[in-house]
Amino acid sequence: EVSEMSERSKQNVAHGLAWSYYIGYLKIVLPQVKKSMEEFSRANPNLLACRKTWKLHILVPLSCDVYDDLEKADSNIQYVTDLTETTLARAGTRKRVYKHSLYRIRDEENQLWHCAVEYATPLQSLYAMSQDECAAFSREERLEQAKLFFRTLEEILKGSKECADAYRLIAYEEPGEAETHFLSKEILWHLRQEHDEEITVLEGNHLHAPSTTLDSAELNLQISVSDLPQPLRSDGF
């Protein structure tokens, strides 16, 4: 009966996508991100001066509108290179390659910031489901699923020791009116926060910066506590 209710409300879709994304991808690649960033930094010491940015920045647009080419999404975002690949045998595929792309983000003062950034790919599935008659996903349901996906993924990653401090989730709602450099500004806000966090640690000061980006509390999901995933445990149960 619980399963049927979950099927009707489609809550299992976002949960399943979030867990699959974590188990099948993030848990594999995130532990390697800092090592890849460190290797790149040694060869290019001026580009990644802030160690707090040595993580994978994961874009979570609640519209599920995902661009395959970030440069087309925002001209202030430019591809630089790919970081060191991780190669594993996975589900029958020998030498499966996992890699991340490094981008430079140009700010309002023409200063360049560098980071590894990519979209959360399961959002493409949510968007495709909303376009497929068989899935019967409305636009409103897609939005709720995107919110639930973010909340679920956030909870999973918070409980993952392997992925600690190797990622930054960037959830956002695009403005009603088209804004040319909205995405680059959104990423830059997070990069500046990370830069300030590093300075705070080095100087021992307290950081007081207002948040202008979405977090789980602001998503206003109409779900119960029991719907949320439980934190991962390290005791084998």
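The largest cavity has a volume of about 40 Å³. The model is predicted, so local features need pLDDT of at least 70 and side-chain atom pairs pLDDT 80 or more, while totals for chains, interfaces and linings use all residues. Residues are numbered from 1 along each chain as its sequence is written, and side-chain values use heavy atoms, without hydrogens and water.

**Exercise 1.** State which residues line the largest cavity, and their classes.

*Solution.* Start with the terms: on a 1 Å grid over the protein atoms alone, a cavity is a set of points where a 1.4 Å probe fits but cannot get out, and lining residues have an atom within 4 Å of a point. The count comes to 1 cavity of 30 Å³ or more. Next, its lining consists of V29, Q32, V33, S36, T84, T86, Y98, K99 and H100. Helix α2 (residues 11-43) gives the largest share, 4 residues. Finally, the classes are 3 nonpolar, 5 polar and 1 charged; Ala, Val, Leu, Ile, Met, Phe, Trp, Tyr, Cys and Pro count as nonpolar, Asp, Glu, Lys and Arg as charged, and the others, Gly among them, as polar.

**Exercise 2.** Determine how α4 is oriented to α5 and which residues meet.

*Solution.* Helix α4 (residues 122-131) packs on helix α5 (residues 139-158) at about 160°, with axes 10 Å apart. The pair is therefore roughly antiparallel, a term for angles over 145 degrees. On the α4 side, P122, L123, L126, Y127, S130 and Q131 meet R142, Q145, A146 and F149 of α5, contact meaning heavy atoms within 4.5 Å. These contact residues divide into 6 nonpolar, 3 polar and 1 charged.

Note on methods
Axes are lines fitted to C-alpha atoms, for helices over the stretch in contact, and angles run from 0 to 180 degrees between N-to-C directions. Helices (H or I, at least four residues) and strands (E, at least two) are DSSP runs, numbered from the N terminus. Angles under 35 degrees count as roughly parallel, over 145 as roughly antiparallel, 65 to 115 as roughly perpendicular and the rest as oblique. On a 1 Å grid over the protein atoms alone, a cavity is a set of points where a 1.4 Å probe fits but cannot get out, and a pocket is an open set with protein on both sides within 12 Å along at least five of seven lines; lining residues have an atom within 4 Å of a point. Grid points are joined across faces, edges and corners, and a volume is the space filled by probe spheres set on the points.
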